[in-house]
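Have the structure open while you read, and look up each spot as it comes along.

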Amino acid sequence: MTHDQKTRDYLPISMLNQYAYCPRRFWLMHVQGEMEINAPVLEGTLQHERVHKAGRSEEDGEVRYRRLYLWSDRLCIIGFADLVEEHDGRLIPVEYKHGKQGRWINDHIQLCAQALCLEERTEQTVPCGFIFYWRSRRRVPVDFDAALRAKTKATIAAIQATLDAGTIPPPDQPYTKCRDCSLEPICLPREVKHLVKNRE
């Protein structure tokens with residue numbers, strides 16, 4: 001571990017998801033502690049509570065670990081996996097999400113980060129995982145290929161660079177993202193863009 005890694009705070013794995021979706025959303029949540037509690041957010045919280053009861057169980061030869069604590073000293077990330085299944089000695093992380101599958105890969109990055117932590121802790125390859133979307137009631141398979149692993153590590157590096165810069169990122173996401181974001185009333189992306197434009 002380098003000196004720089006020793007002095008850094010470990011990033012919550014969940015924050016990789018927020019940054020990959022929108023760096024400004026990440027800043028508002030992680031740095032400023034903002035959180036807008038609306039009906040979808042509350043429903044998602046309650047759904048997660050049902051799967052977040054920590055423990056180990058075994059059924060038909062399949063071992064399941066719920067709310068498994070994970071971390072990576074190499075990447076300086078830390079957090080929990082909703083569920084890790086063990087099939088014939090192979091570990092498979094499963095992440096639960098409130099809505100339905102979107103067009104973005106932020107959920108995939110969060111799950112891949114969990115896999116990287118598992119690999120560091122167990123010294124075995126974790127090739128794939130699943131994301132369970134409550135609204136569609138289906139598991140979406142995710143392959144942890146080289147491209148996704150690189151994108152996950154690049155996201156961690158981008159977060160550290162953003163924190164080092166110490167400045168809130170601008171609201172430069174497509175409004176389709178802003179429209180679906182619970183922090184839109186706090187972020188005020190259109191209003192901020194309008195003010196910046198008038199200042200130029």
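Let's begin with the overall picture: among contacts in the protein between residues at least 6 apart in sequence, 62% join residues at least 24 apart. Keep in mind that this is a predicted model. The protein has nine helices and seven strands, and buried residues account for 44% of its 200 residues.

**Two helices that cross**

- Two packed helices are described by the angle between their axes and the distance between the axes.
- For helix α2 (residues 13–21) and helix α6 (residues 146–165), that angle is about 85 degrees, and the axes are 10 Å apart.
- That angle is why α2 counts as roughly perpendicular to α6.
- Which residues make the contact? On the α2 side they are M15, L16 and Y19, and on the α6 side they are T152, T155, I156, A158, I159 and T162.
- Helix α2 is mostly covered, with seven of its nine residues buried.
- Those buried residues are I13, M15, L16, N17, Q18, Y19 and Y21, and M15, L16 and Y19 also turn up in the contact with α6.

**Zooming in on T152**

- T152 sits in helix α6 and is one of the residues that touch α2.
- Is T152 buried or exposed? Its relative accessibility is 0%, so T152 counts as buried.
- A polar atom of the T152 side chain lies 2.8 Å from the backbone oxygen of L148.
- An α-helix has 3.6 residues a turn, so residues three or four places apart point the same way.
- Setting aside neighbours within four places in sequence, T152 is in contact with L16, I109, C112, A113 and L116.

**Another threonine: T122**

- T122 belongs to helix α5 (residues 106–122).
- The T122 side chain reaches the backbone oxygen of L118 at 2.7 Å.
- How far apart in space are T122 and L91? They are 31 residues apart in sequence and 9.5 Å apart in space, going from C-alpha to C-alpha.

**Strand β5 and its partners**

- Strand β5 (residues 90–97) has seven of its eight residues buried, so it is largely enclosed by the rest of the structure.
- Strand β4 (residues 77–87) pairs with β5 in the antiparallel sense, over five bridges.
- To find this pairing on screen, look for E85, which stands opposite I92 in β5.
- The hairpin of β4 and β5 has two residues between the strands, and D88 there takes a positive phi near 50 degrees.
- Strand β6 (residues 128–133) also pairs with β5, in the parallel sense and over four bridges.
- Here the pair to look for is Y96, opposite F132 in β6.

**From β6 on to β7**

- Does β6 run parallel or antiparallel to β7? The two run antiparallel, and six bridges join them.
- I131 stands opposite V140 in β7.
- β6 and β7 form a hairpin with four residues between them, and R137 is in its turn.

- Most residues other than glycine have a negative phi, and most peptide bonds are trans.
- R137 has a positive phi, near 55 degrees, and is a residue other than glycine.
- You'll find R137 in the loop between β6 and β7 (138–143).
- R137 has a relative accessible area of 57%, so it counts as exposed.
- L188 has a positive phi too, about 50 degrees, although it is not a glycine.
- Look for L188 in the loop between α8 (184–187) and α9 (189–199).
- L188 has a relative accessible area of 35%, so it is partly exposed.

Conventions. Residues are numbered from 1 along each chain as its sequence is written. This is a predicted model: local features need pLDDT of at least 70, side-chain atom pairs count only at pLDDT 80 or more; totals for chains, interfaces and linings use all residues. Side-chain values use heavy atoms; hydrogens and water are left out. Axes are lines fitted to C-alpha atoms, for helices over the stretch in contact, and angles run from 0 to 180 degrees between N-to-C directions. Angles under 35 degrees count as roughly parallel, over 145 as roughly antiparallel, 65 to 115 as roughly perpendicular and the rest as oblique. Contact means heavy atoms within 4.5 Å. Buried means under 20% relative accessible area, exposed over 50%, partly exposed in between (1.4 Å probe, protein chains only). A polar contact is a pair of N or O atoms within 3.5 Å; within protein, one must be able to donate a hydrogen and the other to accept it, and residues adjacent in sequence count only if both atoms are side-chain atoms. Two strands pair if DSSP finds at least two bridges between them.
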